Amino acid sequence: MPGWVEDLLKEMFYGPFYEMAKDVWDWCIGLSTGVISQDPQHFSPATWDFVMNTLYPWTRGIGLSMMNVFFICVFLKAASNLKENITLELCIEGMIRLVALNVLMNMGMQLMQDFFSMAALMGKGVLSFEEPAFFTGEVDIGSVLFWWFMGFLYFFIALICGMLIFLTLFSRYVKLYLLTVTFPLAMPSMVSGRGIDETAKSWVRSFLGNVFEIVVIALVMSISGRIIGGMDLQGDSFADFFDGFGQALTSTIYMIGMAVSVRGARSFMKETFHL
C-alpha cells in the first residue's frame, strides 16, 4: 500500500483518539519514569525547603518536649508499681534509651536524607523500562473497526491508567514529606519502653515501606513491561486483514496491566516485608 494512502486512511479512521491516547500515555509514562530516580529533596525543592525550615523545626521542638514528658512518665510508672522496686538496672535502661533518643533526634534528618538518596539510586539502577510499540502503523479492517467502535474508550483507558501510575508516585512523595515532619513526634515514645514504644516502631515500618516502595515500583515496571509487551494476542487467531484489532487490544491490556501492577506495589511490600 502506498505511503500516502496509508496516511490518508489513518487520518480518516483513527481520528483524534489514537493520537490523543498515545500523547497522554507517553507523557504520563515519561513523567513517571523521570521522577523514580528523584529523592524528595529534588522532586519539589520548594516543598522540601518548607518542610526543612518551617515544619520540621516546629515539630522538633514539640518532640523534644515530649521526650522529657515520656521519660518522667516512665519513672512515675515504675515508682507507682508496688510489686517491683526501682532498680539500678531500670534506671540505666531508661538513661540509655534517653541518650539514644537524643542522638537520633540530632541525626534523624541526615539519616532520612541518606535513605531517600539510597532508594532513589536503587530505583534508578533497577529501572530498565522499555515501552513496547504503542500500536503498529498497519491499517486493516480490524484496526478500522477498533477505532470506529472503541476509539474514545481507548483514549479514556490511556488517560486513567497513565494518571493512576503518576498519582501513585506523587502520593508516595507526599507521604515522605509527612513522615519527615512527623519524625520528631513519633520517636519520643521509644523512651517509654514496653507497649508505648509501638508508635515509634509503627513510624519506622511506615517510613521504610514508603521509602523503598519506589524500588518495588521500578521492578514492577521493568518486569511487567516485558511480560505484557511480549504478549502476542493476535498470533494465528486473527486473519491477516484483521490483526490490527489484536494489536490495538494488546496495547489496551498493556496499559491496564501496567497500572494495576504499579498500584499493587504497596500491597506487595506489606505482604512480603510487613512494612
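**Notebook: helix H6, the fold and the cysteines**

I started with helix H6, residues 198-211, whose 14 residues reach 20 Å from the first C-alpha to the last, close to the 20 Å expected at 1.5 Å a residue. I kept in mind throughout that this is a predicted model.

I then looked up which residues of H6 are buried, and found Ala-200, Trp-203, Phe-207, Gly-209, Asn-210 and Val-211. For reading such a list I noted that an α-helix has 3.6 residues a turn, so residues three or four places apart point the same way. In H6, Ala-200, Trp-203 and Phe-207 are among the buried residues.

Next I turned to the chain as a whole, which has nine helices and zero strands and reads along the sequence as α-α-α-α-α-α-α-α-α. Of its 275 residues, 40% count as buried, and the chain exposes about 14,700 Å², of which carbon and sulfur atoms supply 69%. When I took the contacts between residues at least 6 apart in sequence, 86% of them turned out to join residues at least 24 apart.

Last, I searched for disulfides and found that the structure holds zero. Cys-28 is in no disulfide, the nearest cysteine sulfur being that of Cys-161 at 9.9 Å.

Definitions and conventions:
Residues numbered from 1 in each chain as written. Predicted model: local features only at pLDDT ≥ 70, side-chain atom pairs only at ≥ 80, totals over all residues. Heavy atoms only, no water. Helix = DSSP H or I, 4+ residues; strand = E, 2+ residues; numbered from the N terminus. Buried < 20%, exposed > 50% of the residue type's maximum accessible area, 1.4 Å probe, protein only. Contact = heavy atoms within 4.5 Å. Areas by Shrake-Rupley, 256 points an atom, 1.4 Å probe, with all protein chains shown as cover. Expected span 1.5 Å × (residues − 1). Disulfide = S-S within 2.5 Å.
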